[in-house]
Amino acid sequence: MLYPRSSQTREVKNISGIWKFQPDPGNQGLDKKWFEKGLPSPCFMPVPSSFNDITQEIKIRDHAGWVWYEYEDYLPAAWKEKNLFLRFSAAAHKAKVYVNGEYVGNNFSGFLPFEFKVNTYVKWGGENKITVAVSNLLDWENLPPGEMRFHNDDMHPQQDKTLHYAFDFFNYAGIHRPVYWVAVPKDYIQGIELALDYRQKKSIAEYDVNVFGQADCSTVLYTRKGEKICHLSGNKARMELPDLTPWQPGAPHLYTMEFSLSKNGSLIDCYRLPVGFRSVHIEDSRLLINGRPFYFKGFGKHEDMDIRGRAFDEAVIIKDFNLLNWIGANSFRTSHYPYSEETLMLADEYGIAVIDECPAVGLVDWQRYGQDDVIFTEDKAGSKLLAHHKQVLELLVARDRHHPSVVLWSAANEAATYEKNAESYFKEISSHLRTLDPTRPLMIVENSQHNNSKAARFFDVIGINRYYSWYTDPGRLDVISFQLEKDLKDWHNTFKKPLLVTEFGADALAGLHADPPLMFSEEYQARMIEEFQKVVDTLPFVIGEHIWNFADFMTPQEVRRVIGNRKGVFTRQRQPKLAAHLLKKRWQVKPSFI
Ligand code: GCB
C-alpha cells in the first residue's frame with residue numbers, strides 16, 4: 001500500500017480533524033447499529049489522538065473495549081471517474097469501518113496503515129458518513145498480546161476484570177494517525193517493490209511496479225534539483241548507476257524516483273518516491289554501512305506525548321529529530337512497534353539510521369505481574385500468533401523497505417526466548433523475514449541469557465537489554481563494569497555475532513538531585529549511563545549503545561512507575577536532564593564510523 005502522495009494524477013484529502021466519539025462500555029454499538037443510526041450521545045474527539053487523555057473521565061482513560069468515531073464529509077462529484085480509497089494510517093488496535101451505514105472492512109494491526117476501496121459505498125458530490133469502531137482489547141491472536149483477566153476472588157466484586165499486558169507502555173488507543181480520501185486513476189500504480197543497494201561505487205535500484213489495469217510503465221530517476229539521471233521502461237527493471245552519492249547516516253543524500261503509467265502515449269498515473277542508495281552488511285561482528293563499520297549512538301524511543309498519547313503529531317516528530325541532532329545521536333529503534341510513515345521519511349531526510357521493530361513485545365512470562373506462565377504454547381504464542389506475527393512483518397516490510405534509513409529489522413523485544421518452543425517459533429520468524437527482505441540484516445532484542453536463548457542464533461545482530469544497578473543490585477553503580485563485561489563477553493563467545501546494547505538506563509525524576517548519586521536522581525541516571533559506556537568502549541564486538549529511553553513516557557499504573565517511566569534523558573515535554581548534556585558531550589565527538 002503506497003503512502004498517500006498527491007501528483008498530477010492523484011488527489012489526496014486529509015480528513016483528520018475533530019470527529020465525534022462515543023465509548024461503548026456496554027458493547028451495544030454493533031447490535032444497536034450505531035453505524036446506521038449515528039452515535040447516540042457523542043462528544044468531540046481530535047483525530048489523530050489517543051482518546052485516553054483528552055477528557056476528564058477516568059473511565060474513558062481506562063476504557064477497555066470498543067469505542068466509536070463518526071465523521072461527515074462531502075466528496076467532489078468529479079472523483080466519480082477515479083478509484084477512491086479511504087485510508088487510515090493507523091488505528092489501535094482493531095478497527096471496523098463503515099461508510100454511509102455499510103460495512104466496508106476491518107483491520108487487525110494497530111500500528112500499520114489500512115485502506116478500503118469505497119467507490120460503491122459513497123455518494124458522489126454528496127455528504128458521506130464515516131463510522132469507525134476501534135477496540136483496544138488485546139488477545140493472543142494479535143500483537144502486542146494481552147488478555148482480559150477476571151479476578152474471581154472474594155476481594156473483588158463479581159465479574160471484576162482488568163486488561164493485562166506484559167509490556168511497559170500505556171495501552172493508548174484510538175485513531176492514531178491521519179485519515180485520508182485518496183483518489184487515484186482507474187488504471188493506477190497499486191504498489192512498488194523497491195530494493196536499493198550501493199556496491200563497488202555503483203548505486204543499484206531493482207523495482208517491481210504492481211499495476212492495476214493495463215498501461216505502460218516507465219521510471220525516471222532525478223536529482224533533488226530535478227535533473228534527470230536515468231530513464232527506463234517496463235514495470236520490472238534494474239538500474240545500475242555509477243557516480244551517484246550514496247545515502248549514509250549524517251550525510252543523507254536522496255534522489256527522486258518517478259514512476260509513470262501511460263496509455264497510447266498519454267500519462268495516466270504518476271507517483272514519486274524519495275530514494276537513497278546504501279548497503280548494509282554484517283562482517284566480523286561489525287555492521288557495515290556502505291562498507292564501513294557503523295557505531296549506533298542513540299535511543300530506544302516511544303511515540304508518546306502529553307494529551308495526545310501515542311498519536312501522530314508533526315510538531316513532536318520534528319522536535320525529536322532536532323533533539324537527536326542536538327545530542328549527536330545517529331540512530332534510534334522504533335521500540336516497540338512500527339512508527340508513523342512520516343517518521344521514517346524524516347529519518348531518511350535527517351540522516352538518522354532506524355532499527356524498525358514490529359509489535360512483538362510482551363511475549364514474556366508475567367511473573368512480575370503476578371503469574372508464572374509459559375508463553376510459547378498453542379493457546380498463547382502458538383500457531384495463530386505466529387501466523388499473525390508473520391503477516392505483520394509482511395506488511396511492515398512492504399511499507400518500509402524503500403527507506404534507506406531502515407538498516408535493521410527487529411523481530412521482537414524481550415520475548416521468552418529461553419522457552420523450548422521459542423526455538424521453532426523464531427526460526428520460522430527469521431526465515432520468513434529473510435525471504436521478505438534479503439537485503440537487510442535481522443535483529444532480535446534479548447533479555448534472556450547467553451546460555452538459555454533459543455532464538456539468538458537465527459539472527460544477525462543480537463540486541464541486549466540490561467539494567468545492572470537498577471532492577472538487579474539496585475544502587476550498586478560499582479558492580480556494572482564487572483557484570484556487564486562478563487555478560488557481553490559471554491554472549492559474544494557463545495554466538496560470535498555483533499551485539500548492540502539496545503537498552504540501558506535508570507529512572508530519573510527531572511529536578512531530583514543527589515550527590516553522591518542515589519537512585520531516581522539525575523546524577524544517578526547520568527553515572528549509570530557512563531558506567532555502561534566505559535565497558536562498551538572496550539569491546540570491539542559491541543556495535544552501539546541505545547539508551548533507554550529518549551524521553552519519559554506513560555505506562556500502566558504500578559508501584560515502579562511515577563506517572564510513567566522516567567528513564568528518558570529528556571522529560572516527556574522534551575527538556576534535557578543532566579544525562580542529556582553528558583551524552584551530547586560524548587556523542588558529538590564519538591564518530592559514527594569506526
Ligand atoms: C525493558 C523493556 C522496556 C521497558 C524497560 C524498563 O526491558 O524492553 O519496554 O520500558 O525495560 O524501563 O523497565
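1. Please bear in mind throughout that the model is predicted.

2. The residues that line this second largest cavity are Leu194, Ala195, Leu196, Arg278, Arg401, His402, His403, Pro404, Asp437, Thr439 and Arg440. Domain 2 (188-275) and domain 3 (294-587) each supply at least three residues to the lining. The volume of this cavity is about 90 Å³.

3. In total, the structure holds five cavities of 30 Å³ or more.

4. Which element gives the largest share of the lining of the largest cavity? That element is helix H3 (residues 314-327), with five residues. By class, the lining of the largest cavity comprises nine nonpolar, four polar and nine charged residues.

5. A separate point concerns an open sheet of four strands, ordered S18-S17-S22-S23 with antiparallel pairing. Strand S18 (228-233) and strand S23 (266-275) stand at the edges with a single partner strand each, so one side of each has no neighbour in the sheet. On average, neighbouring strands of this sheet are turned by 20° against each other, direction ignored.

6. Within this sheet, strand S22 (residues 255-263) pairs with S23 in the antiparallel sense over nine bridges. Ser262 has Leu267 in S23 as its bridge partner.

How values were computed: Residues are numbered from 1 along each chain as its sequence is written. This is a predicted model: local features need pLDDT of at least 70, side-chain atom pairs count only at pLDDT 80 or more; totals for chains, interfaces and linings use all residues. Side-chain values use heavy atoms; hydrogens and water are left out. On a 1 Å grid over the protein atoms alone, a cavity is a set of points where a 1.4 Å probe fits but cannot get out, and a pocket is an open set with protein on both sides within 12 Å along at least five of seven lines; lining residues have an atom within 4 Å of a point. Grid points are joined across faces, edges and corners, and a volume is the space filled by probe spheres set on the points. Helices (H or I, at least four residues) and strands (E, at least two) are DSSP runs, numbered from the N terminus. Ala, Val, Leu, Ile, Met, Phe, Trp, Tyr, Cys and Pro count as nonpolar, Asp, Glu, Lys and Arg as charged, and the others, Gly among them, as polar. Domain bounds come from an automatic or database domain assignment. Two strands pair if DSSP finds at least two bridges between them. Axes are lines fitted to C-alpha atoms, for helices over the stretch in contact, and angles run from 0 to 180 degrees between N-to-C directions.
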